[in-house]
Amino acid sequence: MNDLQQKIYNRLVHYVAFDTTSDPAGTVTPTTDSQISFAHQMAAEMKKIGIQEVEVDEYGFVTGLIPATTDQKAPVIGLFAHMDTVSDYNGHNIRPVLHENYAGGPLVINQEKNMVLSEQNAPRLAQCVGDNIVTADGNTLLGADDKLGIAIIMTLAEHLLKHPEIAHGPIKVAFTIDEETGTGITFFDVQKFAADFAYTIDGANLGDIDHGNFNADSFVLRIVGKACHPGSAKGFMANPVRIAADIISSWPEDKLPETTDKEDGFILFKDITGGLEKAEVQGIVREHDLTKFAKFKQDLLKLLDEKRAKYPAAKIELEFKEQYRNMRDILKARPQAMQLLEKALKENKISYHLTQARGGTDGSQMSFKGLPTPNIFAGYENPHGPYEWCSLNWAEKVLHVLESIVQDAVK
Ligand SMILES: [Zn+2]
């Protein structure tokens, strides 16, 4: 293993030893105290390697500056990775296992439990013959999402600080909270961070670049019925339970999460409560294209008009709430982040594909706050579960891509 990979690996092992699971039910920010302790431990390491202006704010965001090594004009570039891990699977007592120089074929994670990475559950592993692979031990997730991102940024920072002959402009570093719960980044002070554009290092496989994401609204559908004794209900009763079921089952089957992928949007009806008096249905709308997104919402409203006509005695109301929007147009309008990224990928001979995340990214929220932020792969597969694995060779490539970006930005 070369020196850079060894450094990334050592950091990954150190960082995943901290349980920083976030809590989707949490009501404070950050949702878990462990993220704050980890933030302070990160701040100490940042200071130690020479990062300047290191700060942990009241929410647990850690920021710092790698000063410019040239007087030439250069944009301020931000690098982001998140400190929390998902609560879907055990993130406590993580013991990473290093599989050096992967020989190909099935990779045993846990003999006793008969857990193996194979072509079926790890399709990208076949590309990594000869690589240094890291997995967990079958009892936990690995936490490469996104501690590998942090390890890459820190190793790059150390490298740049040790080599002032590498010309680059100011680089701002930020480690963030509560990405997995989707609740953290709203509290990040983009103005104070003062970067021109940034990257989140939080994608999965080698070559995956998210330059867009869903447009997202949530909605609440409220149905108030007319209740009475069922024995004398004819011509009078409006039953919210049945009306809700009718509305949900009338929505087209080819516009649901379980029937769509890639660039196709959907409506998900995700929660239903109620009785004969009233019922409430909660859902979300997701679509990459803003025009189609508006059409989805129109279609739902039209469907409700039909049901209002069918059930005149009931009161049917719908309320949409904006969640986030696609950053693609912002990245197009301020193209420097994507231009430098694509140039760096070509320079490092990485074949890549531009995708639109089927979800939100922290970068999309930041883009809308004025900081264009595409998402770069960190080099892992199968996040959020026990089959999560990463390639240190991929991680090293990310580091070189970032190094090219900061150098090219001054040219
Ligand atoms: Zn992540």
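This is a predicted model: local features need pLDDT of at least 70, side-chain atom pairs count only at pLDDT 80 or more; totals for chains, interfaces and linings use all residues.
**First stop: helix α1**

Select residues 3-16, which form helix α1. How far apart are the end C-alpha atoms of α1? They are 20 Å apart; at 1.5 Å a residue, the 14 residues of this helix should span 20 Å, so the two values agree.

Next, colour the buried residues of α1: Lys-7, Ile-8, Tyr-9, Arg-11, Leu-12, Tyr-15 and Val-16. In viewing them, recall that an α-helix has 3.6 residues a turn, so residues three or four places apart point the same way. Against which elements do the buried residues of α1 pack? They pack against the strands β4 (97-99) and β7 (133-135), and against the helices α3 (144-162) and α10 (392-408).

**Second stop: α1 against α3**

The axes of α1 and α3 are 9 Å apart, and the helices pack at an angle of about 135 degrees. The two helices are therefore oblique to each other, and their crossing is right-handed.

To view the contact, show the side chains of Leu-4, Lys-7, Ile-8, Arg-11, Leu-12, Tyr-15 and Val-16 in α1. On the α3 side, show Ala-144, Lys-147, Leu-148, Ile-150, Ala-151, Ile-152, Met-154 and Thr-155. By class, this contact consists of 11 nonpolar, 1 polar and 3 charged residues.

The crossing is right-handed.

Which residues of α3 meet α10? They are Leu-148, Ile-152, Thr-155 and Leu-156, and their partners in α10 are Ala-395, Val-398, Leu-399, Leu-402 and Glu-403. The contact of α3 with α10 comprises 7 nonpolar, 1 polar and 1 charged residues.

Show Leu-340, Leu-341, Lys-343, Ala-344, Leu-345 and Glu-347 of α8, which make the contact with Val-401, Ser-404, Ile-405 and Asp-408 of α10. The residues of this contact divide into 6 nonpolar, 1 polar and 3 charged.

Terms used:
Residues are numbered from 1 along each chain as its sequence is written. Helices (H or I, at least four residues) and strands (E, at least two) are DSSP runs, numbered from the N terminus. The expected span of a helix is 1.5 Å times one less than its number of residues. A residue is buried if 20 or more other C-beta atoms lie within 10 Å of its own, exposed if 12 or fewer, and partly exposed in between; C-beta atoms are placed from the backbone. Two residues are in contact if their C-beta atoms, placed from the backbone, lie within 7 Å. A crossing is left-handed if the near helix is turned anticlockwise from the far one by less than a right angle, and right-handed if clockwise. Ala, Val, Leu, Ile, Met, Phe, Trp, Tyr, Cys and Pro count as nonpolar, Asp, Glu, Lys and Arg as charged, and the others, Gly among them, as polar. Axes are lines fitted to C-alpha atoms, for helices over the stretch in contact, and angles run from 0 to 180 degrees between N-to-C directions. Angles under 35 degrees count as roughly parallel, over 145 as roughly antiparallel, 65 to 115 as roughly perpendicular and the rest as oblique.
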